[in-house]
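Biologist: Can you walk me through this one? I'd like to start with the side chains.

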Amino acid sequence: MKRILLFGLTLIFGATAFAQDLPTNAEPGKCYVRCTTPDVWKNETVTVQTAAAYKVLKAHGPQYSTENVTLETKVASSRLEVVPAQYKSENVEVVTQPASSRLELIPGKTNTVTETMVIQEASSRLEVIPAKYEQRNVEVVVQPASSRIEVVPAQYETRKETIVIQEASSRLERVPGKSEVVTETMVIQEASSRLEVIPAQYETRYVDVVVQPASSRIEIVPAQYETRKETIVTKPASSRLERVASKTQYATETIVIKEASSRLEVVPAQYETRNVEIVVQPASSRIEVIPAQYETRKETMVIQPASSRLEVIPAQWSTETLTYVKGMRASSLRVVPAEFDSSAQTIITKVASAKWVMGDKAPDCEDTDPNACRVWCYRNVPEQSVTVSTRGLSKDATAVSVPCNGGSGNGDCTETGTYTKRVLVKPATTRSIPIPAVTKVITKTVMVKPATTRSVPIPAITNTVKTTVMVKPATTRSIPIPAVTKTVKKTIITPATTREIPIPAVTKVVTKTVMVKPATTRSIPIPAITKKVKTTVMVKPATTRSIPIPAVTKVIKKTIVTPATTREVTIPAVTKVITKTVMVKPATTRSIPIPAITKVMKKTVMVTPPTTRSIPIPAVSKTIKKNIITPATTREVTIPAITKTVKTTVLVAPATTRSIAVPAQFKTVKKTIVSKEAWTEESVVPAQHQTVTKEILVTKGGLTSWKPVDCEIIKNTALPINWNVGSATLTSAAKSIIDTRLMPILNDGVSIAIASHTDARGSASSNQRLSERRAQAVVNYLINVKGVNPSKLTGKGYGETRLTNRCADGTTCTEAEHRANRRTTFRVVNN
């Protein structure tokens with residue numbers, strides 16, 4: 001409801017305003033246009049000072065020149081000059097480093113050889129060769145051969161024999177122990193390995209190291225002896241033989257007519273595959289040369305013998321300090337530069353204004369007039385301004401005089417200097433001063449420890465190869481074949497024997513010293529001496545790939561005790577010679593043979609036992625490359641001795657003195673004088689300006705009354721511009737037509753619309769672009785050259801869309817007909 005009421009009120013107001021705005025004294029047959037008079041502005045250039053002019057001062061200091069002044073610093077006198085003693089030099093060659101030798105490492109050589117390796121050992125398979133049998137005649141003993149015994153009596157003789165009445169023995173003599181100190185390398189950090197991912201953990205522990213091992217000293221326990229009575233056999237016990245007659249008996253015996261045998265059954269060999277680690281490069285070592293150790297020793301050598309020299313006792317002088325004018329100073333100038341302050345200045349380039357703007361037509365307006373039902377609004381146009389940064393001069397540059405400060409430091413411009421003048425009080429004399437011998441310390445290099453070599457082990461390189469190994473060789477299993485036997489009767493004769501009848505020995509009692517308990521030693525323990533050493537022990541091993549860390553060792557001194565021992569001293573045995581009956585030849589028997597009784601029988605005998613034949617199976621081999629290392633060696637390179645030639649001085653003539661006149665001494669000093677006082681050089685830095693263009697309102701525009709215009713120009717009116725074919729450039733004739741026809745209309749404050757057309761020759765798109773360029777060319781000329789307000793002009797190109805004749809595409813026309821379509825028009829439009 002509110003919208004309807006608001007729209008009604010607006011419509012009533014608009015109709016009233018339009019009715020009031022119509023021309024009151026309109027003449028029939030004339031056309032009127034309602035114009036909005038534009039605001040008339042003019043451009044005015046304003047110059048703004050952005051930086052003020054200021055002075056720049058350049059200070060020049062005073063200029064000085066120098067002049068020379070001669071001053072007497074020492075009066076004339078005479079001096080004693082010592083004529084030095086004369087010496088001659090002798091060259092002495094001193095050995096600073098004795099001849100020695102160094103070890104030069106001859107590196108080892110590695111040769112690669114090809115070696116054939118057995119990956120399956122040669123073996124054999126067994127093939128059974130059966131046993132062979134044959135029939136043979138065998139003589140069976142039915143009564144074995146025997147003999148009868150005949151006694152041969154024993155033979156005796158009397159001999160003298162040396163009897164030991166005190167056995168040989170020995171006594172122990174103490175050999176004292178020895179102690180020696182040896183250097184032993186002790187592992188203070190065990191060899192371990194470091195891991196690439198999880199490092200090993202270590203802890204430090206104290207370990208008791210045996211510096212001197214436990215030992216013992218030997219204490220001799222002497223042997224114990226006692227005297228015993230011993231029965232000595234003067235005639236050993238013997239026996240005589242007594243004949244026992246033989247006996248004959250009959251027995252049944254089983255005779256083997258075919259021996260028990262066996263047949264062989266082959267049990268094949270068993271094999272298995274094993275990984276064998278082949279050394280492709282044996283463990284070796286590289287020789288590392290430990291260079292010889294040298295030390296430098298200093299040796300004192302007399303290069304000039306003791307003598308005496310004449311020393312001049314110098315003259316005694318007194319000094320006087322004199323003052324002279326060293327220079328004149330002038331005051332200088334110090335420049336105080338100009339001071340500025342920064343600010344900003346705002347310049348209004350266009351004052352605030354307002355303009356009339358016609359609103360849209362009401363949607364329910366029934367009036368066909370396009371200007372009906374419209375509301376005109378007078379809207380504000382804000383002012384336009386430009387801010388310019390400026391710099392103003394607050395204080396100009398000046399020059400300040402800086403007073404001079406001379407040598408006295410009190411502002412005096414005179415600089416003074418002092419010099420010392422020497423005056424002779426007592427003339428020079430001489431005295432003899434002994435000169436001690438001149439020695440020279442010569443540095444000698446002495447070899448303390450010769451060069452040695454250290455063998456660094458290189459581990460063997462192995463290669464794992466699969467080989468077939470015979471675990472169990474082929475064997476044969478023996479299957480027994482029982483023997484075939486036959487029972488026969490046999491006569492068994494028990495042969496005649498002898499019975500031994502003992503004959504008791506003849507004895508004699510002698511006294512004998514017997515060692516009951518031999519000499520021994522008693523070991524008295526000496527406890528070991530230990531030392532606590534801090535060692536690093538791996539508590540938790542690393543868990544991934546192990547990189548070996550060599551053991552850390554420490555060389556310690558250790559006392560090796562050679563324990564006390566004993567030396568056996570032989571005590572000879574005590575003997576006694578007695579007479580003794582000895583059996584030279586014991587009683588024996590003589591056997592008289594009795595031939596055996598035999599019987600012939602047939603018997604199957606195995607001639608050739610069953611055997612196996614070994615059929616060889618050749619070994620399977622593989623060729624591998626193996627590194628043969630020729631170990632590194634060293635060769636001794638001789639280092640020659642280094643000698644140094646030292647000059648020694650020998651006195652030829654003693655020192656004397658001679659008097660020489662010494663002239664007075666003068667000193668030339670430079671004196672500074674002022675040749676030009678300080679001055680300033682002035683230059684002016686000009687002010688800086690900035691030009692700003694501002695628009696000034698000359699005439700205020702607004703809504704005006706209706707103006708009568710030619711009725712023809714309300715419609716599209718031809719502008720007789722002859723365009724060149726394909727060109728959008730205004731000729732001088734075209735510009736003259738625009739000035740004559742359009743400028744009078746635009747000066748009345750109306751707005752016009754420019755339309756441009758082309759003929760149908762060429763493509764439609766190119767003709768459209770050409771027409772737009774031609775219309776814009778007219779608009780640009782009016783704005784840029786004639787100064788027409790752009791709001792009063794519109795331009796549009798229509799191409800070949802609005803032809804005035806039949807000359808469309810594909811139609812043949814004259815040039816005049818095409819020229820009629822190639823036109824530019826204008827018409828007056830309401831503001």
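**Charges, contacts and fold**

Modeller: The charged end of Arg802 sits over the ring of Tyr798, 4.1 Å from its centre. For that label, NZ of Lys or CZ of Arg must be within 6 Å of the ring centre and within 35 degrees of the ring normal. This is a predicted model: local features need pLDDT of at least 70, side-chain atom pairs count only at pLDDT 80 or more, and totals for chains, interfaces and linings use all residues. Residues are numbered from 1 along each chain as its sequence is written, and side-chain values use heavy atoms, with hydrogens and water left out.

Biologist: OK. How many salt bridges does the structure hold?

Modeller: There are 12. A salt bridge here is a side-chain nitrogen of Lys or Arg within 4 Å of a carboxyl oxygen of Asp or Glu. Side chains of opposite charge can pair when their charged atoms come close.

Biologist: Which residue does Glu288 bridge to?

Modeller: Arg454, with the closest N and O atoms 2.0 Å apart. That pair links distant parts of the chain, 166 residues apart: Glu288 is in strand E23 (residues 284-290) and Arg454 in strand E36 (residues 452-458). Strands (E, at least two residues) and helices (H or I, at least four) are DSSP runs, numbered from the N terminus.

Biologist: Which residues are linked in a network of salt bridges?

Modeller: Asp759, Arg761, Glu815 and Arg822. Within it, Arg761 and Asp759 meet at 3.1 Å, N to O. Asp759 is buried at 8% relative accessibility, whereas Arg761 is partly exposed at 36%.

Biologist: Now Arg774. What is the nearest side chain of opposite charge?

Modeller: Asp759, 7.0 Å away. Arg774 is buried yet has no salt bridge. Lys and Arg count as positive, Asp and Glu as negative; His and the chain ends are not counted.

Biologist: Where is Arg774 found, and what lies 3.0 Å from a polar atom of its side chain?

Modeller: Arg774 is in helix H4 (residues 764-784). The backbone oxygen of Asn724 lies at that 3.0 Å distance. Leaving aside neighbours within four places in sequence, Arg774 is in contact with residues including Trp723, Ser756, His757 and Arg822. Contact means heavy atoms within 4.5 Å.

Biologist: Switching topic. What does Ile278 touch?

Modeller: Not counting residues up to four places away in sequence, Ile278 touches Met117, Ile461, Thr462, Asn463, Val465 and Ile624. Ile278 is in strand E22 (residues 270-281) and is buried at 12%. Ile278 and Asn463 are 185 residues apart in sequence but 5.0 Å apart in space, C-alpha to C-alpha.

Biologist: Last one, the overall picture. How many helices and strands?

Modeller: The protein chain comes to 5 helices and 62 strands. Of its 831 residues, 24% are buried. Among contacts between residues at least 6 apart in sequence, 94% join residues at least 24 apart.

Note on methods:
Buried means under 20% relative accessible area, exposed over 50%, partly exposed in between (1.4 Å probe, protein chains only). A polar contact is a pair of N or O atoms within 3.5 Å; within protein, one must be able to donate a hydrogen and the other to accept it, and residues adjacent in sequence count only if both atoms are side-chain atoms.
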